[in-house]
Amino acid sequence: MFTFLLADMNLLYTLAISIVLLFLFLELLGLIVGISLLELLDNISPIDANSSLPITDGGVSNLLDWLCLTKLPMLVWLIIALTHFEIIGYSINYAVLTSLEWQPQLIFILPTTVFFTLIMTHFVGSALAQIIPNNETTAVSTSTFIGKAAKRQSGKNNNWDR
């Protein structure tokens, strides 16, 4: 089994699972030290996935939205994508190797693996996006209060229920 995992045809999938295990190790180390890799990765990411810019029809923004990249934290999405990539890749290679007794070339298997990875990332990401709460705040700035009526109260208020 170990030789199958380290075979040349499985190099990318072994690299993907190594990256996921590295993220696990760094998160556990961060848990002990008190630093969150998830927070660090979201802060240094050049893509502002929580921006309020309107999404136009077509293009890359619809693909990113379909892949749930705008709905999930970057590290969570990356772990989902890498995990599906390695599971699907190992499964396809194992199925081809055992049924056809032929060692598949990466150039033939990689497009199929990426296609099924994108589909599975969409479905699992959609399910997780409903469970994981958004990081957006409901706080408003003080400039939104300009021109609005306010009620000022001082002292003790005994009319809480009225």
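Author: In this predicted model, Tyr-90 has a relative accessibility of 11%, so Tyr-90 counts as buried, the cut-off being under 20%.

Reader: How is a pair of aromatic rings described?

Author: The structure holds five aromatic pairs. In one of them, the ring centres of Phe-4 and Tyr-90 are 6.1 Å apart and the planes meet at 45°, so this pair is tilted. Phe-4 belongs to helix H1 (residues 2-5) and Tyr-90 to helix H5 (residues 74-100), so the pair ties together parts 86 residues apart in sequence. Phe-4 and Tyr-90 are both buried.

Reader: What kind of pair do Tyr-13 and Tyr-90 form?

Author: Tyr-13 and Tyr-90 are edge-to-face, with 5.9 Å from centre to centre and 65° between the planes. Since Tyr-13 lies in helix H2 (residues 11-33) and Tyr-90 in helix H5, this pair ties together parts 77 residues apart in sequence. Tyr-13, at 0% relative accessibility, counts as buried.

Reader: Which residues do ring pairs link into a cluster?

Author: The cluster consists of Phe-4, Tyr-13, Phe-85, Tyr-90 and Tyr-94.

Reader: Is Thr-14 buried or exposed, and what does Thr-14 touch?

Author: Thr-14, in helix H2, is buried, with a relative accessible area of 15%. Leaving aside residues up to four places away in sequence, Thr-14 touches Leu-5, Leu-6 and Tyr-90. A polar atom of the Thr-14 side chain lies 2.4 Å from the backbone oxygen of Leu-5, and one lies 2.9 Å from the backbone oxygen of Asn-10.

Methods:
Residues are numbered from 1 along each chain as its sequence is written. This is a predicted model: local features need pLDDT of at least 70, side-chain atom pairs count only at pLDDT 80 or more; totals for chains, interfaces and linings use all residues. Side-chain values use heavy atoms; hydrogens and water are left out. Rings of Phe, Tyr and Trp (its six-membered ring) pair if their centres lie within 6.5 Å; planes under 30 degrees apart count as stacked, over 60 as edge-to-face and the rest as tilted. Helices (H or I, at least four residues) and strands (E, at least two) are DSSP runs, numbered from the N terminus. Buried means under 20% relative accessible area, exposed over 50%, partly exposed in between (1.4 Å probe, protein chains only). A polar contact is a pair of N or O atoms within 3.5 Å; within protein, one must be able to donate a hydrogen and the other to accept it, and residues adjacent in sequence count only if both atoms are side-chain atoms. Contact means heavy atoms within 4.5 Å.
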